[in-house]
Amino acid sequence: MPERAPESNGTKPGRAALMERALREMRTFLSLFLYLWVLLGLFVLNQALVEREHGGTIAFQGFAMLNAFVLAKVMLVIEALELARWLRNRPVIIVIVYEAVICTFFFLAFHLVERLVMAKLRGHALVPGELGIGGGGFAGAAIVAVILFVSLLPFFAFKNVTRAIGADRMRQILFGRSMGANNSGP
């Protein structure tokens with residue numbers, strides 16, 4: 001079957017547009033996955049250091065990778081829902097903080113669901129103490145929430161500043177030559 005020519009309004013043919021969107025989604029997923037894997041991997045390394053002080057030696061980087069995969073997908077869904085769309089004409093800092101809060105909430109919720117599923121798979125009774133985050137109690141959950149929130153801020157800052165100034169300008173800032181404060185040449 002012959003492929004249709006692009007329509008006069010400048011849109012790409014359906015198949016090419018779909019492929020382009022799929023590649024864009026894959027790049028977004030990969031960047032989310034890598035960011036979260038590094039972040040969660042650092043948490044695991046920190047926990048391994050604490051465990052080593054108490055005689056433990058095992059660090060489960062596989063859990064960090066699996067959680068990064070799942071949470072990257074969660075973030076992709078949150079991005080697709082555009083929960084911060086209503087804030088787009090507000091200062092960018094408000095959007096950054098809002099998106100970090102939303103993702104922190106969803107990450108904590110998925111962490112609780114993960115604990116529930118793991119307890120169920122192991123045949124354990126669902127004991128509220130085992131479902132606790134950060135060692136249990138409000139203080140532990142609050143500390144984990146703050147750590148997650150602060151850890152997500154750079155990601156959302158990068159994303160929203162890129163949206164505000166454009167991807168080409170962001171690439172130029174990050175990878176171009178620095179021209180100094182007065183933009184004069186060398």
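Which hand does the crossing of H1 and H2 have, left or right? The crossing of H1 and H2 is right-handed. A crossing is called right-handed if the near helix is turned clockwise from the far one by less than a right angle, and left-handed if anticlockwise.

**Before you start**

This is a predicted model, in which local features need pLDDT of at least 70, side-chain atom pairs count only at pLDDT 80 or more, and totals for chains, interfaces and linings use all residues. Residues are numbered from 1 along each chain as its sequence is written, and side-chain values use heavy atoms, with hydrogens and water left out.

**The whole chain**

Show the chain as a cartoon. It has five helices and zero strands. Helices (H or I, at least four residues) and strands (E, at least two) are DSSP runs, numbered from the N terminus. Along the sequence the pattern reads α-α-α-α-α.

Of the 186 residues, 24% count as buried. Buried means under 20% relative accessible area, exposed means over 50%, and partly exposed lies in between (1.4 Å probe, protein chains only). Now turn to contacts, meaning heavy atoms within 4.5 Å. Among those between residues at least 6 apart in sequence, 64% join residues at least 24 apart.

**Stop 1: helix H1**

Select residues 14-53, which form H1. Its 40 residues should span 58 Å at 1.5 Å a residue, and its end C-alpha atoms are 58 Å apart, which agrees. The expected span is 1.5 Å times one less than the number of residues.

Colour the buried residues of H1, among them Phe 29, Leu 32, Phe 33 and Leu 36. Then pick Leu 39, also in H1. Leu 39 counts as buried, at 13% relative accessibility.

**Stop 2: H1 against H2**

The axes of H1 and H2 come within 7 Å and cross at roughly 140°. That makes H1 oblique to H2. Axes are lines fitted to C-alpha atoms, for helices over the stretch in contact, and angles run from 0 to 180 degrees between N-to-C directions. Angles under 35 degrees count as roughly parallel, over 145 as roughly antiparallel, 65 to 115 as roughly perpendicular, and the rest as oblique.

Show side chains where the two helices meet. H1 brings residues including Phe 29, Leu 36, Trp 37 and Leu 40, and H2 brings residues including Ala 64, Ala 68, Leu 71 and Met 75. The contact of H1 with H2 divides into 16 nonpolar, four polar and two charged residues. Here Ala, Val, Leu, Ile, Met, Phe, Trp, Tyr, Cys and Pro count as nonpolar, Asp, Glu, Lys and Arg as charged, and the others, Gly among them, as polar.

**Stop 3: H2 and the residue after it**

Stay on H2. It has 21 residues and reaches 30 Å from its first C-alpha to its last, close to the 30 Å expected. Its buried residues include Ala 64, Val 74, Leu 76 and Ile 78.

Step on to Glu 82, which follows H2. Glu 82 sits in the loop between H2 and H3. Its phi is near 50°, a positive value in a residue other than glycine. Most residues other than glycine have a negative phi. Glu 82 is partly exposed, with a relative accessible area of 35%.

**Stop 4: H2 against H3**

H2 passes H3 in a right-handed crossing. Among the residues making the contact are Phe 63, Leu 71 and Ile 78 of H2, and Ile 102, Cys 103 and Phe 106 of H3. By class, the contact has 11 nonpolar, one polar and three charged residues.

**Stop 5: inside H3**

H3 has 30 residues and reaches 43 Å, close to the 44 Å expected. Centre on Cys 103. Cys 103 is buried, with a relative accessible area of 2%. Leaving aside neighbours within four places in sequence, Cys 103 is in contact with Met 75, Ile 78, Leu 152 and Phe 156. Leu 148 lies 45 residues from Cys 103 along the chain, with 8.7 Å between their C-alpha atoms.

Move to Glu 99, in the helix H3. Is Glu 99 buried or exposed? Glu 99 is buried, with a relative accessible area of 10%. Beyond neighbours within four places in sequence, Glu 99 is in contact with Glu 79, Ala 84, Phe 156, Lys 159 and Asn 160.

Finish at Gly 123, which follows H3 and has a positive phi, near 80°.
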